[in-house]
Amino acid sequence: MNLIGYVNRFKDYSFFEKPFTDVDAALFAAVVYSLFEKIGPDYLHPNDVFYFHELTSEQIIDINESSVFKKQNTKVLNIMKDSIRYKDVGVTLIMSVIEQEVIEQFCAMTFLLPKVGPVVVYRGTDTSIEGWRENLNLTIHPITASHLDSVDYLNIFSKAYSNIPFIVIGHSKGGNLAYYATLYAPYDVTCHITHSYSFDGTGFVDDSFTKRDTYHKLLPQMIQIVPRQSFVGELFENPPNKTFIKSKKKSTKSSKTKSSSKKGTYVASKNSKIRHFSNCKYVSKIKSYNKLTFKTKSAAIKAGKTKSCSSCHA
């Protein structure tokens, strides 16, 4: 099932009836490539919000004219704007930067999902020359202008939505930025992250991120999903929480998924025998001081975590 099929199948289910899934995360990682910044002059203020049900068919065509996922996003947004599940999704805090001198292409925005909360999404490389030039910089420099803006964006977000649980998402370069912001923004902001998704995200040039004080605290929330045929998500250094998926297309754009495996870090509470996958919805309910992580299922079982979660079936 691809993203269009997923939206069609679950469009009549609210987030209360069917909670937010990894596929929803992949959906918004793709939808962020639509140029929502063209709809209004400035949506960086938290009071400036527009909703999917307000989108017209003409606007959807316009914001996807130069989108990386033009055909897919045009179809998806036309379904989403009239669906029970997505019609009341709000879009706010849009920050878009194109700079030739410092070689930067950056965009982030916040989607407000009913029953889920704020979802911060970083856009990956678009069709601009600056975007592709910055991609080259990512292979050489440990820190780029977009990295700094990704942290600045979370600081802006936190002033508007302080002390509220939220999700962070990104695809490709956007996945790299999502992870960078998760690890390098102030911990009083990032401690509220329930999930940080990197879809086929490029890794970091070195492993200095593993030396951050917050690395082990936030590792259980960090979820990397990579198509088996892709090489992008295997480049450079990445946290170990990785799930491989089968893709219908052999492409670096992981927009279509067929089925997913259950690989990744295992998590459990010191006070329970139940083990979870790191991306399980119940992991966020485990207090940090009680949280244990295991690289393999056998290691978790050996430590006494002998019961599989009824939700994620770890």
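Contact here means heavy atoms within 4.5 Å. Helices (H or I, at least four residues) and strands (E, at least two) are DSSP runs, numbered from the N terminus. This is a predicted model, in which local features need pLDDT of at least 70 and side-chain atom pairs count only at pLDDT 80 or more, while totals for chains, interfaces and linings use all residues. Residues are numbered from 1 along each chain as its sequence is written, and side-chain values use heavy atoms, with hydrogens and water left out.

## The chain as a whole

The chain holds 10 helices and 13 strands. Of its 314 residues, 54% are buried. Buried means under 20% relative accessible area, exposed means over 50%, and partly exposed lies in between (1.4 Å probe, protein chains only). Now take the contacts between residues at least 6 apart in sequence: 68% of them join residues at least 24 apart.

## Two helix pairs

Two packed helices are described by the angle between their axes and the distance between the axes. The axes are lines fitted to C-alpha atoms, for helices over the stretch in contact, and angles run from 0 to 180 degrees between N-to-C directions.

Start with helix α1 (residues 3-10) and helix α2 (residues 22-31). Their axes come within 10 Å and cross at roughly 120 degrees. The two helices are therefore oblique to each other. Angles under 35 degrees count as roughly parallel, over 145 as roughly antiparallel, 65 to 115 as roughly perpendicular, and the rest as oblique. The crossing of α1 and α2 is left-handed. A crossing is left-handed if the near helix is turned anticlockwise from the far one by less than a right angle, and right-handed if clockwise.

Which residues meet here? From α1 come L3, Y6 and V7; from α2 come V23, D24, A26, L27 and A30. By class, this contact has seven nonpolar, no polar and one charged residues. Ala, Val, Leu, Ile, Met, Phe, Trp, Tyr, Cys and Pro count as nonpolar; Asp, Glu, Lys and Arg count as charged; the others, Gly among them, count as polar.

The second pair is helix α6 (residues 145-160) with helix α7 (residues 173-184). They pack at an angle of about 55 degrees, and their axes are 9 Å apart. That angle makes α6 oblique to α7. Their crossing is right-handed. On α6, the contact is made by S146, H147, S150, V151 and L154; on α7, by K173, N176, L177, Y180, A181 and Y184. This contact has six nonpolar, four polar and one charged residues.

Y13 sits in the loop between α1 and α2. Its relative accessible area is 41%, so Y13 is partly exposed. Leaving out residues up to four places away in sequence, Y13 touches K18 and R85. Y13 and I84 are 71 residues apart in sequence, yet 6.3 Å apart in space, C-alpha to C-alpha.

Are L93 and D200 buried or exposed? L93 is buried, with a relative accessible area of 1%. D200 also counts as buried, at 0% relative accessibility. L93 lies in strand β2 (residues 90-99), whereas D200 lies in the loop between β6 (193-199) and α9 (215-218). Phi of L93 is near 50 degrees, a positive value in a residue other than glycine. Phi of D200 is near 55 degrees, again positive in a residue other than glycine.

Strands of a sheet pair through backbone hydrogen bonds, either parallel or antiparallel. In this model, two strands pair if DSSP finds at least two bridges between them.

The pairings are listed here.

| Strand pair | Sense | Bridges |
|---|---|---|
| β10 (residues 266-269) and β12 | antiparallel | four |
| β10 and β11 (residues 274-277) | antiparallel | three |
| β11 and β13 | parallel | two |

β10 and β11 form a hairpin with four residues between them. Which residue stands opposite S308 in β13? R275 does.
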